[in-house]
Amino acid sequence: MQLSRRLFLSTAALAAVIGLNGPALAAGEVNLYSARQEALIKPLLDQFTAATGIKVNLVSAKADALLQRLKSEGRNSPADILLTVDAGNLHAAQAAGVLQPVQSAALEGSIPAAYRDPAGHWFGLSLRARPIMYVKGRVNPAELSTYEALAEPKWKGRICVRSSDNVYNQSMIGSMIATRGEAATESWAKGFVANFARKPQGGDRDQLKAAVAGQCDIAIANTYYLAQMLESAKADEKAVAEKIGVFWPNQDERGVHVNISGAGVTAAAPNRDNAVRLLEFLAGEGAQQWYAETNQEYPVRSGVATSATLRAFGEFRADSVNMARLGEHNAAAVRLMDRAGWR
Amino acid sequence: MISVAATLPAIKALPRPDPWRSGVVLAALLLALPVLVVFSFVFAPAGEVWLHLKQTVLQEYVTNSLVLLLGVGVGVLAIGIPAAWMVSLCEFPGRRLFEWGLLLPMAMPAYIIAYTYTGMLDFAGPVQTQLRDWFGWGYGDYWFPDIRSLPGAVLMLSLVLYPYVYLLSRAAFLEQSICVLEVSRTLGTGPWAGFARVALPLARPAIITGLSLALMETLADYGTVQYFGLATFTTGIFRTWFGLGDPAAAAQLAAVLMSFVFVLILLERWSRRRARFHHTSTRYSHLPRYQLRGWRRIGAIVGCSIPVAFGFLLPALQLGVWAVDTVDAWLKADFFHLVANSLMLAAITAVLAVALALLMAYGRRLRSSRPVDLAVRVASMGYAVPGTVIAVGVILPFAWLDNTLDAFMRAQFDISTGLILSGTLAALVFAYCVRFLAVSLNTVEAGLGKIKPSMDDAARCLGLPPRRVLREVHMPIMRGSLLTALLLVFVDVLKELPATLILRPFNFNTLAVRTFELASDERLADSASAALAIVLAGIVPVILLSRTIGRSRPGHDQTVC
């Protein structure tokens, strides 16, 4: 008797747990799988809800894991939108068939062609550049020219960069493979790795800190990390950032490597119309302004002012290779870095 | 008539369904499912990527993982056993404080201690910057140990994992019949020899259990090695799966990782061989502790202080400083939501995991056979598998089940049932059970193993069915072990990150998720408040744990030996 009562109670508890957390499918909602972490997207989503009355449900995790979840859930997936912070994962999602094409005059009108899928499977929502950063006073910017030149012996022991596990590095090498080909990129990578001041470790901010502290002279990092450090309330972060200069490489040819954060509507989206509305909102002027001011990212939409901090970095020419190519070359890039000894 | 009569004996001869055996095997199979699913990828062809791995990075993965295992193994034993011996059998000022203080590092997730030490000791951190300011050094002028290195990772993991060895060996020392020690003393052994030749060998099963938990946790660690930029099996699995897009090769790497675990388990079995560790005397008396004096007393105090200071106080202090710096950022309403979510998940999982462990451990005791033993072993391997791999192993079968049911219902009744299990807390709790069963199972088995089989026989002779033997005899005797298992799982779930991240439902966050999100955005200081909350939430069960063990010494009021 006692046992069966216990059994009943535990079954009821289990049922409650399942029932309370069932996927949200009701009208007036949109479900978002986001590789962008909550703190950096929630305020925008709240604005969207305030403007439209549509509730946004959010799960944030790493892009590759979200993609795996999306693939497994198949046609019953509750997700309407997959949002990632790099092009490679958007391409992987498209290749896996979990995104659907979307035609929207608003999206096509505001996002340049290089930053969206030609068929509309995904759209870039913000840009991040990955230029060469140097310690002011220790490196004369005139010595710098291209990423390719960083393989020259004069930079031996002077370069800091994070691990090749990181998708920003994978995309950067992917873009180089797209323009230079695999063989040339590999021989470049060997020279580049030979110039590392230390075993790759830490994140982008760590590279800048190590450079200022004297461990190396040059670091490769995304622009928003430096901009956020400059805006930081912590005096020591700010002091480090102020010693760093930004050099835009490859300006006479392909341009500096840029990546996107972007999103696509899922193939199984139960709230497709709301999903498109959310994408249009995120590509709209207000949201684009927010990206620039709060996250220190470059807007994809032209005509939106960037923050004063970003403007101080100067104008640049961005690599015009379509973002889809970065994803296509991702696996090749990882292997190439393995062979070049970039850990 | 004749034919019926002829078949009757045959029916009688059929084995009766055995609820214990089938229950254990079923539960074990269910829990082994995620690991088996991932393993099934092994049979997919992956020749070419595997060749690439072999030519470039595989050797590094093997070497680094083995060195890490060896280092952490030595580290946790060197800290855990002496500490347990000192607080259990010696008397010195502060001993009662150290009893629970030594457990505190357990509340500190490995990735968080790695973040804080890197923040402090990195080249650009305050310590080295201060040194450079004082002495006018520049880069390359001086030598300073690199925290983001293999030895650094060994140190970090040893500091937070030694409590497993400490905890289990302390419980073992306390439960040892004093008669054994006194007999050894009458035979002329001193305190050192008594420790080395009597207490230590008797405590060996418990120590090995603690060691294997620590080593499995080491193998599954992703946060620390990834942050330190070390190429190990875990980082390799991720890179191969997601970077190279090859789940088959990743599963094969995971298979190699698992074979390490199998070797560990076999070694342990082999080392025990025929030895049994039941105590033959059930008489206990007050432990006469060795009174330490002079330099020994100072040595004990310093020796016990070091792991507490470096494994807990210093990193917690750093987190506290950061949290105060960013106080307005975290004192938002949803912070308490996070705390509540974390505690709820931890509590539900702890109860479930211990119930499952009891079922399996007792099932094995009742019906020990090769299939049962194997099923239980396989089910508890999840502890050495990185959380993300478990998560994928949970997602695949659950989604398959949901989608198959949905397709069936659509075809038959034109009703869509959608996803029933996927994306729910039930899936998440299941993943936790898979991941942490080993923790509860090892602890419960250790407790059950100390109860002499003659107790079962006596209880059964007196007419109790097995279920009631468990409830009325074993569970009260091993209350300490059960509580230990509950609290260990509780603390582990609080700290768990990767599976939580990927399996959780919409709009559901925990402390670990918040910590990770901020830390992965390189905002260590902002992540400190959530990290500190994990640590604080973990302290309460840790202290409870210590009190239970202190009281668990059977018959501590008897004085006759």
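Student: How are residues and chains labelled here, and which features count?
Tutor: Residues are numbered from 1 along each chain as its sequence is written, while chains are lettered from A and ligands numbered from 1 in the order in which they are written. As this is a predicted model, local features need pLDDT of at least 70 and side-chain atom pairs count only at pLDDT 80 or more, with totals for chains, interfaces and linings using all residues.

Student: What makes both faces of strand β3 of chain A covered?
Tutor: A residue is buried if 20 or more other C-beta atoms, placed from the backbone, lie within 10 Å of its own. A:I81 and A:L83 on one side and A:L82 and A:T84 on the other are all buried, so both faces are covered. In a regular strand the side chains alternate between the two faces of the sheet.

Student: Why is β3(A) said to pair with strand β1 and strand β9 of chain A?
Tutor: Strands, DSSP runs of E with at least two residues, pair if DSSP finds at least two bridges between them. β1(A) and β3(A) have three bridges, in the parallel sense, and β3(A) and β9(A) have four, in the antiparallel sense, so both pairs meet the definition. A:Y33 stands opposite A:L82, and A:T84 opposite A:G262.

Student: What makes chain A a chain of domain 1 and domain 2?
Tutor: An automatic or database domain assignment sets the bounds: domain 1 is 28-128 + 258-305 and domain 2 is 129-257 + 317-340. Their C-alpha centres lie 27 Å apart.

Technical notes:
A residue is buried if 20 or more other C-beta atoms lie within 10 Å of its own, exposed if 12 or fewer, and partly exposed in between; C-beta atoms are placed from the backbone.
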